[in-house]
Amino acid sequence: MGSEVTLRLSDAMADEIRRHGELAYPAECCGVLAGRAGETKEVVRLVPMHNRRTDDPHRYLIAPDDLRRTISELRGCELEVLGYYHSHPDHPAAPSGFDTEHAWPWYSYIIVGVDRGRAAELASWVLEDDRSAMSRESLEVFSEV
Amino acid sequence: MSVTVSIPTPLRSFTAGQDSIELAGDTVGQVLDGLMATHAGLKRHLLQDDGRLRNFVNLYLNDTDIRHLESTATPVRPGDVLTIVPSIAGGAPVTQTEPQLSHAEVLRYSRHLLLPEVGIGGQRKLKAARVLTIGAGGLGSPLSLYLAAAGVGTIGIVDFDAVDLTNLQRQIVHGTSTLGRPKLESAEARLADLNPNVRIEKHETRLSSQNAMEILREYDIVVDGTDNFPTRYLVNDACVLLGKPNVYGSIFRFEGQASVFYAKQGPCYRCLYSEPPPPGLVPSCAEGGVLGVLPGIIGSIQALETIKWIIGAGDSLIGRLVLFDALKLRFRELQLRKDPACPICGDTPSIHDLIDY
């Protein structure tokens with residue numbers, strides 16, 4: 001089962017995710033959580049991505065070509081993809097069936113709820129190894145001095 | 001003689017932390033089988049229950065997506081690199097407002113439900129849709145038959161004619177048993193027999209500047225099956241003013257054409273022809289004749305475009321005019337552009353109300 005790894009990101013980055021969610025509202029935003037994984041997963045950088053689904057505001061898609069480009073850019077900075085963030089316009093920050101169905105193991109999935117244009121709760125989720133569900137992962141938002 | 005499979009981070013817990021694995025095989029499929037045979041934990045993340053690759057799993061052979069090659073049958077050579085690349089997808093729970101399908105409907109539409117482009121979601125969109133067809137004649141016949149069969153929930157029909165013996169050579173929604181009866185009643189009976197789940201709304205009137213806005217306003221999409229210019233301009237203008245798509249078709253003798261006019265995304269009919277021709281210049285079917293099969297083809301294209309619009313599948317005919325020549329059996333396509341000087345959808349429109357020509 002999911003090893004208990006904490007995802008850490010700064011409050012400035014959490015705010016950036018919230019802002020991206022508000023900006024994209026009523027559609028969904030999406031982006032990459034880039035950083036280093038060890039005892040914890042340390043998010044060092046956010047990479048906002050193009051949402052390639054424009055047909056349905058309740059969906060997001062990061063295309064493989066976009067992701068390959070981002071992965072190789074990050075590799076140049078010795079960073080890797082730790083997970084992704086996306087917004088749920090007018091829905092809670094919990095994974096939908098569609099999220100679970102499309103999730104990859106190990107990655108952290110941060111979801112920010114955007115309630116009538118205003119960012120609300122933010123939570124991170126990981127897929128169970130048997131793909132049965134996503135469980136909430138420990139998320140530490142620290143303030144940068 | 002082996003191929004290198006590059007494993008993305010999320011899957012490395014299933015490969016004992018290895019980021020690449022050397023495997024033998026002649027095709028992508030064989031290499032994959034080998035990979036999953038040695039690392040069984042990968043299987044449920046890469047394959048669906050039916051054994052096919054999950055749609056968010058992408059495989060690149062060197063730098064090319066195998067979907068652009070021969071998929072899993074793509075041959076591999078020693079030294080090739082096969083990379084597993086995720087697509088990342090998800091989204092909020094969908095608030096379904098579309099009506100549910102009954103068991104009988106699931107059975108009735110089973111051949112639609114098998115298509116991923118339609119599925120339950122698309123079929124429910126069809127059930128929720130409100131389509132207005134102008135005319136229950138040559139184009140309106142196949143059009144309304146296919147829309148009803150496809151399960152469009154509400155079909156409005158505007159017509160004020162009665163079934164005449166000369167209609168039956170092409171107007172297949174009517175029959176000998178309904179000769180002399182209003183076309184609306186005749187069509188309603190046939191469509192209700194074809195699919196009793198469909199609601200037929202009858203508008204027994206001649207479309208005019210007085211009633212067009214009121215009638216069209218109640219529908220999501222309008223399909224123009226008229227045979228005359230005054231109505232065609234009326235339908236176009238009302239659709240532009242109401243911001244609705246207009247699925248256009250017309251036929252003459254052995255030739256037909258079809259397009260989707262939607263001023264929000266492309267040209268309207270007036271971008272092509274800003275004014276109607278003088279009355280009497282262009283002969284009607286009654287004067288010029290028409291091969292009976294022709295409206296079947298053009299009306300079916302209109303039904304197709306309407307259904308695609310509703311379910312959001314494929315490329316629409318917006319900005320394209322399809323020309324069909326029955327004698328040569330040839331389709332041609334013209335690109336249409338939005339005219340900035342169009343009197344109704346251009347930059348400085350001069351038409352703000354409907355006109356009776």
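How many bridges pair β12(B) with strand β13 (residues 320-325) of chain B, and in which sense do the two strands run? Four bridges join β12(B) and β13(B), and the sense is antiparallel. Keep that pairing in mind as we walk through this predicted model, which brings together chain A and chain B. The predictor gives the complex an ipTM of 0.87 and a pTM of 0.56.

**Meet the two chains**

- Chain A has 145 residues, and 45% of them are buried.
- Its secondary structure comes to three helices and nine strands. Starting at the N terminus, the elements of chain A follow the order β-α-β-β-β-α-β-α-β-β-β-β.
- Chain B has 357 residues, of which 38% are buried. Its elements are 12 helices and 14 strands.
- Let's look at contacts between residues at least 6 apart in sequence. In chain A, 62% of these contacts join residues at least 24 apart; in chain B, the share is 65%.

**How confident is the predictor about chain B?**

- Chain B has a mean pLDDT of 93, and 97% of its residues reach 70 or more.
- Among the elements of chain B, helix α6 (residues 140-150) has the highest mean pLDDT, 98. The lowest, 70, belongs to helix α11 (residues 285-288) of chain B.
- A handy reading tip: where pLDDT is low, the predicted coordinates should not be read in detail.

**Where the chains touch**

- The contact takes 27 residues from chain A and 19 residues from chain B.
- On the chain B side, α2 (43-46), β5 (81-86) and β6 (88-90) each supply at least two residues. The largest share comes from β6(B), with three residues.
- By class, the side of chain B that touches chain A has 10 nonpolar, eight polar and one charged residues.
- Strand pairing also crosses between the chains: strand β4 (residues 60-62) of chain A and β6(B) run antiparallel and are joined by three bridges. One place to look is Leu61(A), whose bridge partner in β6(B) is Ala89(B).

**A five-stranded sheet in chain B**

- What is the order of the strands in the open sheet of chain B? The order is β2-β1-β5-β3-β4, and the pairing is mixed.
- The edge strands are β2 (20-23) and β4 (64-65) of chain B, each of which pairs on one side only.
- Strand β1 (residues 3-6) of chain B runs antiparallel to β2(B), with four bridges between them. Within this pair, Ser6(B) has Ser20(B) as its bridge partner.
- Helix α2 (residues 64-76) of chain A packs on the sheet, where it touches β3 (57-61) and β5 of chain B. The direction of this helix makes about 105° with that of β5(B).
- Helix α1 (residues 28-38) of chain B lies across β1, β2, β3 and β5 of chain B. This helix runs at about 115° to β2(B).

**Back to strand β12(B)**

- Strand β12 (residues 255-261) of chain B is mostly covered, with five of its seven residues buried.
- Besides β13(B), β12(B) is joined to strand β11 (residues 246-252) of chain B, through seven bridges in an antiparallel arrangement.
- β11(B) and β12(B) form a hairpin with two residues between them. Arg253(B), in the turn, has a positive phi of about 55°.

**Nonpolar cores**

- The largest nonpolar core has 61 residues. Those with the most contacts inside it are Val131(B), Leu132(B), Leu147(B), Val152(B), Val222(B), Val223(B) and Cys268(B).
- Which helix gives the most to this core? Helix α12 (residues 293-311) of chain B does, with eight residues.
- Leaving aside neighbours within four places in sequence, Val152(B) is in contact with Leu126(B), Ala129(B), Val131(B), Leu147(B) and Val198(B).
- Another core, of 41 residues, lies apart from the largest one. Among its residues are Leu67(A), Ile71(A), Ala93(A) and Ile110(A).

Key
Residues are numbered from 1 along each chain as its sequence is written. Chains are lettered from A and ligands numbered from 1 in the order in which they are written. This is a predicted model: local features need pLDDT of at least 70, side-chain atom pairs count only at pLDDT 80 or more; totals for chains, interfaces and linings use all residues. A residue is buried if 20 or more other C-beta atoms lie within 10 Å of its own, exposed if 12 or fewer, and partly exposed in between; C-beta atoms are placed from the backbone. Two residues are in contact if their C-beta atoms, placed from the backbone, lie within 7 Å. Ala, Val, Leu, Ile, Met, Phe, Trp, Tyr, Cys and Pro count as nonpolar, Asp, Glu, Lys and Arg as charged, and the others, Gly among them, as polar. Two strands pair if DSSP finds at least two bridges between them. pLDDT is the predictor's confidence in each residue, from 0 to 100. Axes are lines fitted to C-alpha atoms, for helices over the stretch in contact, and angles run from 0 to 180 degrees between N-to-C directions. A nonpolar core is a set of buried Ala, Val, Leu, Ile, Met, Phe, Trp, Tyr and Cys residues joined through C-beta atoms within 7 Å.
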